[in-house]
Amino acid sequence: MAKLTKNQKLAAEKIEAGKLYTVAEASALVKEITHTKFDASVDIDVRLGVDPRKANQMVRGVVSLPNGTGKVVRVLALCTPDQEAAAKEAGADYVGLDEYIEKIKGGWTDIDVIITMPQIMGKIGALGRVLGPRGLMPNPKSGTVTMDVAKAVKEVKQGKIDFKVDKFGIVHTSIGKVSFTPEAIAQNANEFIQTIIKLRPATAKGEYIKSIYLSSTMSQGIKIDTKTL
């Protein structure tokens, strides 16, 4: 069994065995138990009572975190010439069309999000083998295929994220950084959780939110009391 470091022992002592925490308590505690030299991400894991194998129980959506993610998101806007100026002004890191499609065909993927327009999806479809495995393929459900490219770019830059339940029934995402205040972490966590609750499939039976854990990149998970939501 691996030996715990001094910081890991201190962190373990701060988490009471068997205790369930409120979102506010967990948000403050995750800062206390994180001792990384870098600004670690704050992650949330929500286990749902759904069967992702059934199409009518797939939980997928988008949420705009009130305090952003704390990450620098590199955005590529693939759009028509009349939308390029607005996309650049909104903060897109790369703007264009055919030249970037050719770059992606050549293996270039130094981006985090691609935003495009419905009429351009025909050209992007051929990039599925490159973009699909990296989770970069634009999708109307995540708001990355739209006629208002500038608005979508701005929302992503300000902290809009998309999420999807995995095959184990878990939704996992980052909701901020350890450098955030406890209040900012809690606000982001609550916004994310409430969005998940609103997306409950009508066909989901029994307990919907089974468990929620808050953690940082290299910390223990802190279990949240779902009854306090």
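**Notebook: a predicted chain**

I began with Thr109, which touches Val130, Arg134 and Leu136, leaving out residues up to four places away in sequence; a contact here means heavy atoms within 4.5 Å. I noted that this is a predicted model, in which local features need pLDDT of at least 70, side-chain atom pairs count only at pLDDT 80 or more, and totals for chains, interfaces and linings use all residues. Residues are numbered from 1 along each chain as its sequence is written, and side-chain values use heavy atoms, with hydrogens and water left out.

**Thr109**

I located Thr109 in the loop between helix 4 (98–105) and strand 5 (113–116). Helices (H or I, at least four residues) and strands (E, at least two) are DSSP runs, numbered from the N terminus. Is Thr109 buried or exposed? I recorded Thr109 as buried, because its relative accessibility is 18%. Buried means under 20% relative accessible area, exposed over 50%, and partly exposed in between, with a 1.4 Å probe and protein chains only.

**The whole chain**

I listed eight helices and nine strands in the chain. Of its 229 residues, 47% count as buried. The C-alpha trace spans about 55 × 45 × 35 Å along its principal axes. I also looked up the contacts with a separation of 6 or more: residues 24 or more positions apart account for 73% of them.

**Nonpolar cores**

I then turned to the largest nonpolar core, which has 37 residues; Ile44, Leu48, Phe192 and Ile196 touch the most other members. Such a core is a set of buried Ala, Val, Leu, Ile, Met, Phe, Trp, Tyr and Cys residues joined through side-chain atoms within 4.5 Å. Among the elements that give two or more residues to this core are helix 2 (23–32), strand 1 (41–48) and helix 8 (182–198). Helix 8 supplies the largest share, seven residues. For Leu48 I found contacts that include Val59, Val171, Ile196 and Ile209, setting aside neighbours within four places in sequence. Another core, of 31 residues, lies apart from this one and includes Ile104, Ile115, Ala150 and Ala152.

Last, I traced an open sheet of four strands in the order 7-1-8-9, with antiparallel pairing. Two strands pair if DSSP finds at least two bridges between them. Strand 7 and strand 9 (222–223) stand at the edges with a single partner strand each, so one side of each has no neighbour in the sheet. I saw that strand 8 and strand 9 pair in the antiparallel sense over two bridges. Tyr213 stands opposite Lys223 in strand 9.
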